[in-house]
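Please open the model in your viewer and keep the selection panel at hand. The stops below say what to select next and what is there.

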Amino acid sequence: MGKIVLVTGAARQLGGRFVRRIQRDPGVDRVIAVDAVAPGHELGDAEFVLADIRQSAIARVLAEHSVDTVVHLDVSAKALGAGGRTTVKETNVIGTMQLLGACQKSPTVQRLVVKSSTNVYGSAPRDPAVFTETTPPKSLPSGGFAKDAVEVEGYVRGFARRRPDVAVCVLRFANILGPEPDSPLADYLALPVLPTVLGYDPRLQFVHEDDVVDVLEIAAREPRRGTLNSGTFNIAGAGVLLLSQCSRRLGRPTVPVLLPAVTWVGSALRTIGMTDFSPEQIRLLTHGRVVSTVQMRETLGFRPKFTTAETFAEFARSRGPGLLPPERVGRAVGRLAELPLGGGPAGRTHSTHGAR
């Protein structure tokens, strides 16, 4: 019999894509898709189970279906539907605790894949230029999704110690973008005008949605010859972009403001529901973050199809032209360059003999 894979977070766009993909794997016999809300997209031949991972019922789901592979994707910065920050935190942290407790008791579970985030490294002024998987953060995140991710990884490490017979893979994704992104950073980049921190131009990394699904499939399988898919891996596209480059490629003007004012703007944007401009996101947009992907390429054996720049280009095309489309700005600059300078034809200047 082939593998029986359980996927949490199936109602999310990313979870739905992975559920449909993993069904095409000839080594997979059945896929059990789990979420607390009904999905608004097709799940193919997967069996959908309406279950809240915050409740103990998830243990019955594992036992009834003799699940051997668990892919935990219900770790997110945004709530589905009308749920707020409290619901998100409970699902991320308490839901992960319940799921891991169920996995620990299950005699059939052999592999666990957990979606995490490079947010666990935080963003601070004295950060190293590049984080590796073993680099400790200069300061732990104090709240929000970043703190959730740190707690989730702590529980996963505890599970790995208690169940050394289970292969555990933690994937720390950089900012996920693409045509259909679902993240606070994507909401921020969709604003018509981008508030930025005066005097800072952070470095950012992105990973494409397609690459996310590809690497999740690699992590859920038995490792290929010469690779190892147990452990913790940073996942990001090659290269970096500055926030100023992102704004120009989107055609969205920036409004640099002092850091205290950015905090106030973030609170205002959260109040009106435009975007979750959390303190952690403000720190990211101040100091940036870059991670090493050497282990991703050399140990996991995964090479993303999209670079950071290509991923962002896909996202920019899906957003449509901003207030200052780059091609229009380029044409305007070209026309200005052709204007005569000094009042004479073809840019000639007139001599003023005798003038001192």
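This is a predicted model: local features need pLDDT of at least 70, side-chain atom pairs count only at pLDDT 80 or more; totals for chains, interfaces and linings use all residues.

Select helix α2, residues 57-65, together with helix α3, residues 85-105, whose axes come within 8 Å of each other and cross at roughly 40°. The crossing of α2 past α3 is right-handed. Now show side chains where the two helices touch: from α2 come Ile 58, Ala 59 and Leu 62, and they meet Gln 98, Leu 99, Ala 102 and Cys 103 of α3. Sorted by class, this contact holds 6 nonpolar residues and 1 polar residue, with no charged residues. As for the spacing of such residues, an α-helix has 3.6 residues a turn, so residues three or four places apart point the same way.

Move along to Ser 66, which is found in the loop between α2 and β4, residues 69-72. Ser 66 is not a glycine, and yet its phi is positive, at about 50°. Most residues other than glycine have a negative phi. Is Ser 66 buried or partly exposed? Ser 66 counts as partly exposed, because its relative accessibility is 38%, and buried would mean under 20%.

Next select Val 113, which lies in strand β5, residues 111-117. Val 113 has a relative accessibility of 0% and therefore counts as buried. If you then select Val 70, 43 residues away along the chain, you will find its C-alpha atom separated from that of Val 113 by 6.2 Å. Setting aside neighbours within four places in sequence, Val 113 is in contact with Val 70, Val 71, His 72, Cys 169, Leu 171, Leu 216, Ala 219 and Ala 220.

Turn to helix α9, residues 279-287, where the buried residues are Glu 280, Gln 281, Ile 282, Leu 284, Leu 285 and Thr 286. Just after α9 comes Gly 288, with a positive phi of about 70°.

The largest pocket has a volume of about 660 Å³. To centre the view on this pocket, select Ala 77, Phe 145, Asp 182, Ser 183 and Pro 184, which are the closest to its centre among the 36 residues that line it. By class, the lining of the largest pocket has 13 nonpolar, 13 polar and 10 charged residues.

**Last stop: an enclosed space**

Rolling a probe the size of a water molecule over the atoms shows where empty space is left. How many cavities of 30 Å³ or more are counted? The count is 1 cavity, and the largest cavity holds about 40 Å³ of space. Select Thr 118, Ala 174, Asn 175, Gln 205, Leu 284, Arg 289, Val 290 and Val 291 to see its lining, which divides into 4 nonpolar, 3 polar and 1 charged. Leu 284, one of these lining residues, is also among the buried residues of α9.

Key. Residues are numbered from 1 along each chain as its sequence is written. Side-chain values use heavy atoms; hydrogens and water are left out. Axes are lines fitted to C-alpha atoms, for helices over the stretch in contact, and angles run from 0 to 180 degrees between N-to-C directions. Helices (H or I, at least four residues) and strands (E, at least two) are DSSP runs, numbered from the N terminus. A crossing is left-handed if the near helix is turned anticlockwise from the far one by less than a right angle, and right-handed if clockwise. Contact means heavy atoms within 4.5 Å. Ala, Val, Leu, Ile, Met, Phe, Trp, Tyr, Cys and Pro count as nonpolar, Asp, Glu, Lys and Arg as charged, and the others, Gly among them, as polar. Buried means under 20% relative accessible area, exposed over 50%, partly exposed in between (1.4 Å probe, protein chains only). On a 1 Å grid over the protein atoms alone, a cavity is a set of points where a 1.4 Å probe fits but cannot get out, and a pocket is an open set with protein on both sides within 12 Å along at least five of seven lines; lining residues have an atom within 4 Å of a point. Grid points are joined across faces, edges and corners, and a volume is the space filled by probe spheres set on the points.
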